[in-house]
Amino acid sequence: MKHLYLFLAIAGAIVPYVFFIEFITAHGFNLGLFIPALFANGAAGGFSADLLISSLVFWLFMFSDKQADRPKPYWFIVINLSIGLSCALPSYLYFKIRNQQTAAAVQGIP
């Protein structure tokens, strides 16, 4: 699963930026146009609302996870805000598994 999460994190970084670059090429880096475009119609608004709620749930999950091997959440919040949840969530899961495997190796657990 670790390698799948890494692949999905990379895809989650590339795919959204294809659309962002298309928007920026057409309109420039204009937040005044970008924000209303997120809610331009019912479909876009539904996806945007879903993404915002899912991001909030992800943040709450990261901060409530008290396992010693959990990654620190702050970098994943930066990734979530600058790239998107499609990169931040699989990145977090990748590093969580990697940390678990490292801890197990140190303890001598196969």
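These legends walk through several close-up views of one predicted model. Residues are numbered from 1 along each chain as its sequence is written, and side-chain values use heavy atoms, leaving out hydrogens and water. Because the model is predicted, local features need pLDDT of at least 70 and side-chain atom pairs count only at pLDDT 80 or more, while totals for chains, interfaces and linings use all residues.

**View 1**
Let's start with α5, which runs over residues 85-107; helices here are DSSP runs of H or I with at least four residues, strands are runs of E with at least two, and both are numbered from the N terminus. Among the buried residues of α5 are Leu 85, Cys 87, Pro 90, Lys 96 and Ala 104. (Buried means under 20% relative accessible area, exposed over 50%, and partly exposed in between, with a 1.4 Å probe and protein chains only.) The buried residues of α5 pack against α1 (2-27), α3 and α4.

**View 1. The largest nonpolar core.**
Which residues make up the largest nonpolar core? There are seven: Phe 58, Met 62, Phe 76, Ile 77, Leu 85, Ala 88 and Tyr 92. A nonpolar core is a set of buried Ala, Val, Leu, Ile, Met, Phe, Trp, Tyr and Cys residues joined through side-chain atoms within 4.5 Å. Look at Phe 76: leaving aside neighbours within four places in sequence, Phe 76 is in contact with Phe 58, Met 62, Pro 71, Ala 88, Ser 91, Tyr 92 and Phe 95. Contact means heavy atoms within 4.5 Å.

**View 2. Aromatic rings in pairs.**
A pair of aromatic rings is described by the distance of the centres and the angle of the planes. Rings of Phe, Tyr and Trp (its six-membered ring) pair if their centres lie within 6.5 Å; planes under 30 degrees apart count as stacked, over 60 as edge-to-face and the rest as tilted. The whole structure holds nine aromatic pairs. In one of them, the ring centres of Phe 58 and Tyr 92 are 5.6 Å apart and the planes stand at 85 degrees, so this pair is edge-to-face. Phe 58 lies in α3 and Tyr 92 in α5, so the pair ties together parts that are 34 residues apart in sequence. Phe 58 is buried at 4% relative accessible area, and Tyr 92 is buried at 0%. Ring pairs link Phe 58, Phe 61, Phe 76, Tyr 92, Tyr 94 and Phe 95 into a cluster.

Asp 65 lies in the loop between α3 (42-64) and α4 (74-82). Is Asp 65 buried or exposed? Asp 65 counts as buried, because its relative accessibility is 8%. Its side chain makes a polar contact with the side chain of Tyr 92, at 3.1 Å. (A polar contact is a pair of N or O atoms within 3.5 Å; within protein, one must be able to donate a hydrogen and the other to accept it, and residues adjacent in sequence count only if both atoms are side-chain atoms.) Not counting residues up to four places away in sequence, Asp 65 touches Arg 70, Tyr 92 and Lys 96.
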